[in-house]
Amino acid sequence: MMTNKEKYDKVFIDCFNVTKEQLNEDFVYQCVATWDSVGHMGMIAGLEEVYDIMMDMEDIVDFSSYTVGIKKLKKYNVIID
């Protein structure tokens with residue numbers, strides 16, 4: 001069974017075609033070509049499916065980086081550690 005962190009990383013890796021090593025505090029919106037507005041919504045949909053949540057529009061808009069996302073998911077009782 002995957003941990004919440006492994007699931008989180010997998011969504012990013014699958015959506016943005018990146019490696020696990022790229023996922024850190026420097027991984028921010030538009031840092032790779034695949035993280036554009038369409039990629040962003042795909043990533044959000046992936047996270048909502050994996051964690052069985054529905055994110056508020058404000059949180060979707062504010063989800064600007066890999067690390068910000070970890071903080072945003074706490075609101076939905078998804079703890080990434």
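Okay, a definition to begin with: helices here are DSSP runs of H or I with at least four residues, strands are runs of E with at least two, and both are numbered from the N terminus.

Some housekeeping. This is a predicted model, where local features need pLDDT of at least 70 and side-chain atom pairs count only at pLDDT 80 or more, while totals for chains, interfaces and linings use all residues. Residues are numbered from 1 along each chain as its sequence is written, and side-chain values use heavy atoms, with hydrogens and water left out.

Back to Asp52. It isn't a glycine, yet its phi is positive, about 55 degrees. Most residues other than glycine have a negative phi. Asp52 is also exposed, with a relative accessible area of 72%; exposed means over 50%, buried under 20%, and partly exposed in between, using a 1.4 Å probe and protein chains only.

Asn77 is another one with a positive phi, near 60 degrees. You'll find Asn77 in the segment after helix 4, and at 71% relative accessibility it counts as exposed.

Now the helix pair. Helix 1 is residues 4–16, helix 2 is residues 37–51, and they pack at about 150 degrees with their axes 9 Å apart. The axes are lines fitted to C-alpha atoms over the stretch in contact, and angles run from 0 to 180 degrees between N-to-C directions. So these two helices are roughly antiparallel, the word for angles over 145 degrees.

Who makes the contact, meaning heavy atoms within 4.5 Å? On helix 1 the residues include Tyr8, Val11 and Phe12, and on helix 2 they include Met43, Gly46 and Leu47.

Let's stay on helix 2. Its 15 residues should span 21 Å at 1.5 Å a residue, and its end C-alpha atoms are 21 Å apart, which agrees; the expected span is 1.5 Å times one less than the number of residues. Which residues of helix 2 are buried? They are Gly39, His40, Met43, Ile44, Gly46, Leu47, Glu48 and Tyr51. Their cover includes helix 1, helix 3 (57–62) and helix 4 (66–74).

Last stop, the loop between helix 1 and helix 2, where we find Thr19. Thr19 counts as partly exposed, at 40% relative accessibility. Glu21 sits in the loop between helix 1 and helix 2 too, and it counts as exposed at 67%.

Terms used
Angles under 35 degrees count as roughly parallel, over 145 as roughly antiparallel, 65 to 115 as roughly perpendicular and the rest as oblique. Contact means heavy atoms within 4.5 Å.
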